[in-house]
Amino acid sequence: MSEQLTQQQIEQARAEWVRAQFQKANEYLAGKGIIPDTVAASESRYLPPYMAVWKLNTKDKQSFWVISGDLPTDHMAFSAAPDAREAVRAFSLHWQLKAQQIIDSGITDKTKQDFVNLLVNRAHALYEMFNNDELWQAEAVS
């Protein structure tokens, strides 16, 4: 007999996923030598368990979009996109270009081929999310 998850359990799992992605985004930036200070929660968006797009601000007044989830964690300057939806599109296009650069430089092993496939698949999925108006109707995260 399978157990049904209660609404509370679903919300708890969602909140845990969001916290984990927020931590992942912060650790990713820190690993790049960028120390986040605050998150602009009202401008960030997430779609558990697929992706989260965070606007993270640094103490030196820089801002970055960071994407994490069931895809490669990546970042770009806030100036690259005016909002989270456009950031999703920008990540999609960036990953398509990155995959093409890897292909053009010559794929010499299975690891590179797997990474190219991952980039292409996730780029297409992100673009579909960007194009789905229903996903962007929801209120900002709080």
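Predicted model: local features only at pLDDT ≥ 70, side-chain atom pairs only at ≥ 80, totals over all residues.

Q: OK, and where does Glu134 lie?
A: Glu134 is in the segment after α3.

Q: How far apart are Glu134 and Trp95?
A: They're 24 Å apart in space, C-alpha to C-alpha, and 39 residues apart in sequence.

Q: Switching to charges: how many salt bridges does a search of the whole structure find?
A: Five salt bridges turn up. One of them joins the side chains of Glu43 and Lys55, at 3.2 Å from N to O. Glu43 is in the loop between β1 (36–39) and β2 (45–47) while Lys55 is in strand β3 (residues 51–58), so this pair ties together parts that are twelve residues apart in sequence.

Q: Is Lys55 buried or exposed?
A: Lys55 is buried, with a relative accessible area of 10%.

Q: Which residue does Arg85 meet in a salt bridge?
A: That's Asp133, at 2.6 Å from N to O. The pair links distant parts of the chain, 48 residues apart: Arg85 belongs to helix α2 (residues 84–105), and Asp133 to the segment after α3 (110–131). Both partners are partly exposed, with Arg85 at 23% relative accessibility and Asp133 at 45%.

Q: What about Glu86, what does it form a salt bridge with?
A: With Arg89, and the closest N and O atoms are 2.6 Å apart. Both residues lie in helix α2, three residues apart, which is about one turn of the helix. Glu86 counts as partly exposed at 23% relative accessibility, and Arg89 counts as partly exposed at 28%.

Q: Now the inside. Which residues in the largest nonpolar core touch the most other members?
A: Out of 22 residues in that core, the ones with the most such neighbours are Met51, Val53, Trp65, Ile67, Phe91, Trp95 and Leu126. At least two residues of this core come from each of β3, β4, α2 and α3.

Q: Which element gives the largest share?
A: α2, with eight residues.

Q: Why would nonpolar side chains be together like that?
A: In soluble globular proteins, nonpolar side chains tend to be buried together.

Q: Back to Met51. What is it in contact with, leaving aside its neighbours within four places in sequence?
A: Quite a list: Trp17, Tyr46, Ile67, Ser68, Gly69, Leu71, Val88, Leu126, Met129 and Trp136.

Q: And what does the second, separate core include?
A: That core has twelve residues, among them Ala25, Leu29, Ala52 and Phe64.

Conventions: Residues numbered from 1 in each chain as written. Heavy atoms only, no water. Salt bridge = Lys/Arg side-chain N within 4 Å of Asp/Glu carboxyl O. Helix = DSSP H or I, 4+ residues; strand = E, 2+ residues; numbered from the N terminus. Buried < 20%, exposed > 50% of the residue type's maximum accessible area, 1.4 Å probe, protein only. Core = buried A, V, L, I, M, F, W, Y, C linked by side-chain atoms within 4.5 Å. Contact = heavy atoms within 4.5 Å.
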